[in-house]
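Hi,

Here is the structure I said I would pass on. Have a look at it first, and my notes follow below.

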Amino acid sequence: MTSYTRTQPVSTLGKLAAPLTHPPGAEPTPGWHQSLGKGAAGIALLHAERANAGVGDWATAHAWLTTVISSGLSAGPDAGLFFGAPAAAFAIHTAAQGDPGRYRRALATLDNAVAAMTVDRLGRAHARIDAGKLPATTEFDLISGMTGIGALLLRRNPDGELLRQVLAYLVRLTEPLAQDGRTLPGWWTYLGPRNRVAPDFPRGHGNLGIAHGITGPLALLSLAARAGVVVDGQAAAIRRICDFLTAWRQEHDEAPGWPQWLTVDADGRQRPGQQAPGRPSWCYGTPGQARALQLAGIALADAALLDIAEEAMAACLDAPGQLALMVDGSLCHGWAGLLQVTARFAADARQPFVSEHLAELVDRLLAGGRPAGSQIGLLEGDAGVVLALHTAAAHAAPSTGWDACMLLA
C-alpha cells in the first residue's frame with residue numbers, strides 16, 4: 001500500500017465529481033429528486049460540502065437544491081430522512097451551514113411539513129405499543145422511521161420539544177413486549193429483513209444494523225445525550241440496548257462482532273441469523289455497530305463499552321477475511337462507508353490503532369472499489385465515494401456535517 005498524503009485523492013475527486021455537476025433535465029426515475037439515498041437530495045450534499053470547503057461553487061449546489069424542490073415533496077407514509085420532505089430539509093439545512101439566513105423560507109415550510117407528519121407518526125407508534133403489538137421496521141429505523149426524523153431534528157432544532165418527543169418514543173421502544181407467552185425486545189419486528197412478511201422469518205426478526213436496526217436508535221439517543229438533549233429514561237434505554245448487544249457479541253477466529261439480525265426458533269429462543277461475520281459495512285456490519293457502541297460509551301462515560309467498541313473496530317480492520325467480503329466502493333455497504341466510519345471513529349478513539357488504517361482504506365477505495373453499475377447517488381453511487389474521499393483529503397470532519405444522516409456524528 002502507498003503512504004497516504006493530504007493531496008493523494010484530489011485528482012480522483014475531481015474526476016468523480018465532474019459528471020455530477022449538472023442536474024439532469026428530467027428525473028431518471030419517479031421521486032428521484034427527493035431521494036437522499038439515490039437522487040438529487042444526496043448529490044446536493046456533495047456540492048454543499050465542496051462549496052463550503054472552498055473547492056466547489058455555490059451555484060452548482062444551488063442548482064441541485066433547486067432540483068430537489070422542483071416538484072412535490074412527500075410527507076406521507078413513504079417519507080423519511082432519506083425520502084420526501086425530511087430528505088429535502090436535511091439537504092437544505094446542511095447547505096445552509098455557515099449562513100443561517102440561507103433558504104430560510106424553504107426550511108420553514110419544510111419544518112411545518114415534517115412536524116405534522118412526526119406528530120401523526122408518534123401518535124400511531126404509541127397506540128401500537130399500547131396495544132402490545134410489534135412494530136414494522138419502518139416505524140423506527142434510520143432510513144424511513146422515527147430515528148431518521150430524530151436525526152434531522154437533532155440537526156435542525158435540537159432544543160425543540162418535538163425532538164424530545166421522538167427521544168421519549170425511542171426510550172419506550174427499548175422496553176420489552178410480551179408476545180405469545182414470550183418476551184421480546186420492543187424493537188423486534190414482525191417483518192423479515194426486507195421489510196415485508198417473509199416465510200423464512202415466521203416470527204419476524206431483531207435487526208442489529210445501524211440503517212434498519214436497533215443500533216440506529218442507540219446512536220441517536222447517544223448523540224442527543226452528548227449534545228445535552230436528555231429525556232426521562234434515556235440513559236437507561238442506552239444501557240438496555242448496550243446490554244443486549246454485549247450479550248449477543250460473538251467471538252470469531254478473526255475478530256469479534258455481532259450478527260446482522262436475530263431470529264426466534266420454534267421453542268421461542270433467540271438465535272443469530274448467521275454465524276460468520278458479514279462484510280464490514282456501515283449499514284449492517286461491525287463498523288456501524290461499533291460506532292454506535294462507541295457513542296454510547298461516550299454518552300455514559302463507560303470505559304468498558306469503549307473498550308468493546310474499540311476492540312471490535314480495530315479487529316475488524318485487521319481481519320482479511322472480513323475485508324475480502326467487500327465488493328464495491330459504496331457508502332452504504334462498501335469501502336467509502338468503511339472509510340467514513342473509520343474517520344469518525346478514529347477522531348473519538350482513545351488509542352491511535354484505528355486511525356492507522358485510514359491510509360490503507362483510501363488506497364483500497366482508489367484502487368478500483370467504485371460502486372457497481374452507473375449509480376451516482378449518495379448511498380450506493382459516486383456522490384458517496386467523493387464525499388468520503390473529500391473527508392479523507394481534508395483530514396478533518398465534514399465542514400457541513402453531512403454524515404449526520406448516517407448517525408456518525
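Let me start with the second largest pocket, where the lining splits into seven nonpolar, four polar and five charged residues. Bear in mind throughout that this is a predicted model.

That second largest pocket has a volume of about 360 Å³, and 16 residues line it. Pro77, Arg121, Arg124, Thr138 and Glu139 are the ones that lie nearest its centre. Which helix gives the most to this lining? Helix 5 does, with five residues. Helix 5 covers 104–130, and both it and helix 6 (137–140) supply at least two residues each.

Now the largest pocket. Its volume comes out at about 610 Å³. The lining is made up of 22 residues, and nearest the centre you will find Lys38, Ile143, His212, Leu379 and Glu380. Sorted by class, that lining has ten nonpolar, eight polar and four charged residues.

You can find histidine 333 in the loop between helix 13 (320–323) and helix 14 (335–348). Is histidine 333 buried or exposed? It counts as buried, because its relative accessibility is 13% and the cut-off for buried is under 20%.

Arg279 turns up again too, this time in the lining of the largest cavity. How many cavities of 30 Å³ or more are there? The count comes to one. About 60 Å³ of space lies in the largest cavity. Lining it are Gly257, Trp258, Pro259 and Gln260, then Pro277, Gly278 and Arg279, and finally Tyr284, Gly285, Thr286 and Gln289. By class, the cavity lining divides into four nonpolar, six polar and one charged residue.

On to helix packing. Helix 14 packs with helix 16 (residues 382–394) at an angle of about 35 degrees, and their axes are 9 Å apart. The crossing of helix 14 past helix 16 is left-handed. From helix 14, the residues that take part are Ala336, Leu339, Gln340 and Ala343. They meet Gly384, Val385, Leu387, Ala388, Leu389, Thr391 and Ala392 of helix 16. The contact has eight nonpolar and three polar residues, with no charged ones.

- Histidine 395 has a positive phi of about 55 degrees, although it is not a glycine. Histidine 395 sits in the segment after helix 16.
- Tyrosine 103 has a positive phi as well, about 60 degrees, and it is not a glycine either. You will find tyrosine 103 in the loop between helix 4 (85–95) and helix 5.

As for how accessible tyrosine 103 is, its relative accessible area is 22%, so it counts as partly exposed; the buried class is for values under 20%.

That is what I have for now.

Cheers

Key: Residues are numbered from 1 along each chain as its sequence is written. This is a predicted model: local features need pLDDT of at least 70, side-chain atom pairs count only at pLDDT 80 or more; totals for chains, interfaces and linings use all residues. Side-chain values use heavy atoms; hydrogens and water are left out. On a 1 Å grid over the protein atoms alone, a cavity is a set of points where a 1.4 Å probe fits but cannot get out, and a pocket is an open set with protein on both sides within 12 Å along at least five of seven lines; lining residues have an atom within 4 Å of a point. Grid points are joined across faces, edges and corners, and a volume is the space filled by probe spheres set on the points. Ala, Val, Leu, Ile, Met, Phe, Trp, Tyr, Cys and Pro count as nonpolar, Asp, Glu, Lys and Arg as charged, and the others, Gly among them, as polar. Helices (H or I, at least four residues) and strands (E, at least two) are DSSP runs, numbered from the N terminus. Buried means under 20% relative accessible area, exposed over 50%, partly exposed in between (1.4 Å probe, protein chains only). Axes are lines fitted to C-alpha atoms, for helices over the stretch in contact, and angles run from 0 to 180 degrees between N-to-C directions. A crossing is left-handed if the near helix is turned anticlockwise from the far one by less than a right angle, and right-handed if clockwise. Contact means heavy atoms within 4.5 Å.
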